[in-house]
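Hi everyone, thanks for coming. Today I'd like to walk you through one structure, a piece at a time, so please have the picture open and stop me whenever you like.

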Amino acid sequence: MTMELRSLIWDVDGTLAETEETHRAAFNQAFAEAGLSWRWERSAYAELLRVSGGRERIAHFMATSEGANAPPGLVIAALHARKTEIYNEMLASGRVGLRPGVARLFRRAQAAGIVQAICTTTSRVNVANLMRATLGENAPDFAAVVAGEDAYAKKPDPEAYRLVLSLLNLPPESCLAVEDSQNGLRAARAAGIPVLAVPGEYTTGDDFSGAAAVMDSLGEAELDDIRAVRLKFLRDRAV
Ligand code: XBP
Ligand code: MG
């Protein structure tokens with residue numbers, strides 16, 4: 001068993017920041033601009049979030065919702081590309097901040113030589129702009145960033161996490177993934193990675209069985225607490 005924590009692998013949406021209300025607003029603005037009468041209210045969006053990935057979410061909505069008939073010629077990729085532009089304008093306006101404790105743990109991990117990586121379903125540009133808008137020059141040096149465009153299958157499929165592990169060249173049990181959702185937890189666990197779950201505003205009701213620990217917030221967490229979560233998980237599994 002690798003005793004030392006080698007890498008923290010961070011999910012983005014819901015984990016680093018409560019971004020989903022901004023994603024939702026961006027989807028709705030893109031729909032309105034395209035002349036669509038679709039509007040995703042909060043309760044409907046909570047259901048739609050079970051489908052990870054914005055393009056996949058739109059396709060699922062079109063396939064399953066009455067009244068979601070698209071006009072001929074509607075291209076989901078183009079609609080989603082416009083949503084991404086709007087989302088990034090919203091990020092640049094400073095409306096999204098990091099969740100409590102995230103910036104401190106970034107700094108602590110970097111100082112301790114723990115490799116940090118990103119494993120997300122959202123686009124690479126969204127990750128870069130979230131970091132720019134929140135931490136600017138002080139964003140950590142991520143050793144790997146695997147984003148929505150890098151994997152064929154999105155979470156809960158483990159493909160993105162497996163890709164992170166191969167880029168880091170680390171065994172799964174030497175890492176800890178930090179995730180806010182059941183989809184993310186399942187993806188990381190299927191890749192063999194212990195998971196610290198930090199449910200967010202849309203995911204408090206998710207089933208986190210299989211997580212090494214569940215914390216409401218990282219606001220009070222120190223690096224030793226994070227290390228202890230992984231070690232306890234590995235020890236419990238070994239007996
Ligand atoms: C959560 C998601 C994303 C966002 C929307 O990603 O499922 O799809 O809701 O982003 P994470 P896009 O893995 O970071 O929790 O529209 O860019 O897909
Ligand atoms: Mg998430």
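This is a predicted model: local features need pLDDT of at least 70, side-chain atom pairs count only at pLDDT 80 or more; totals for chains, interfaces and linings use all residues.

In what order do its strands lie? Going across this open sheet of six strands, you meet E3, E2, E1, E4, E5 and E6, with parallel pairing. E3 and E6, which covers 213-214, stand at the edges, and each has a single partner strand, so one side of each has no neighbour in the sheet.

Now look at E1. On one side, E1 runs parallel to E2, residues 115-119, and four bridges join them. Here you can find Leu-8 opposite Gln-116 in E2. E1 also pairs with E4 in the parallel sense, over four bridges, and there Ile-9 stands opposite Ala-177.

Stay with Ala-177 for a moment, please. In E5 its bridge partner is Val-195, and E4 and E5 pair in the parallel sense over three bridges. If you follow the chain through E4, helix H8 (residues 182-190) and E5, you trace a right-handed β-α-β unit.

How much of E4 is buried? Five of its five residues are, so E4 is largely enclosed by the rest of the structure. Cys-175, Ala-177 and Glu-179 point one way from the strand, while Leu-176 and Val-178 point the other way.

Next, the metal. Which residues coordinate the magnesium ion, ligand 2? They are Asp-11 and Asp-180, each through OD, and Asp-13 through O, at 2.1 to 2.2 Å. Along the chain, these donors follow the spacing D-x1-D-x166-D. Both Asp-11 and Asp-13 are buried.

In one of them, Asp-11 meets Lys-155, with N to O at 2.9 Å. The two residues are 144 apart in the chain: Asp-11 is in the loop between E1 and helix H1, and Lys-155 is in the loop between E3 and helix H7. Both partners are buried.

Compare that with Glu-33 and Arg-82, whose closest N and O atoms are 2.6 Å apart. This pair also links distant parts of the chain, with Glu-33 in helix H1 and Arg-82 in helix H4, 49 residues apart. Glu-33 is partly exposed, at 44% relative accessible area, and Arg-82 is partly exposed too, at 25%. Together with Glu-85 and Glu-89, they are linked in a network of salt bridges.

Last stop: Asn-28, which lies in helix H1. Is Asn-28 buried or exposed? With a relative accessible area of 7%, Asn-28 is buried. Leaving aside residues up to four places away in sequence, Asn-28 touches Trp-38, Arg-39 and Trp-40.

That's my tour, and I'm happy to take your questions.

How values were computed
Residues are numbered from 1 along each chain as its sequence is written. Chains are lettered from A and ligands numbered from 1 in the order in which they are written. Side-chain values use heavy atoms; hydrogens and water are left out. A salt bridge is a side-chain nitrogen of Lys or Arg within 4 Å of a carboxyl oxygen of Asp or Glu. Buried means under 20% relative accessible area, exposed over 50%, partly exposed in between (1.4 Å probe, protein chains only). Donors are N, O and S atoms within 2.8 Å of the metal (3.2 Å for Na, K and Ca); water is not among the atoms, so sites may look incomplete. Contact means heavy atoms within 4.5 Å. Two strands pair if DSSP finds at least two bridges between them. A crossover is right-handed if, with the strands pointing away from the viewer, the path from the first strand over the helix to the second runs clockwise.
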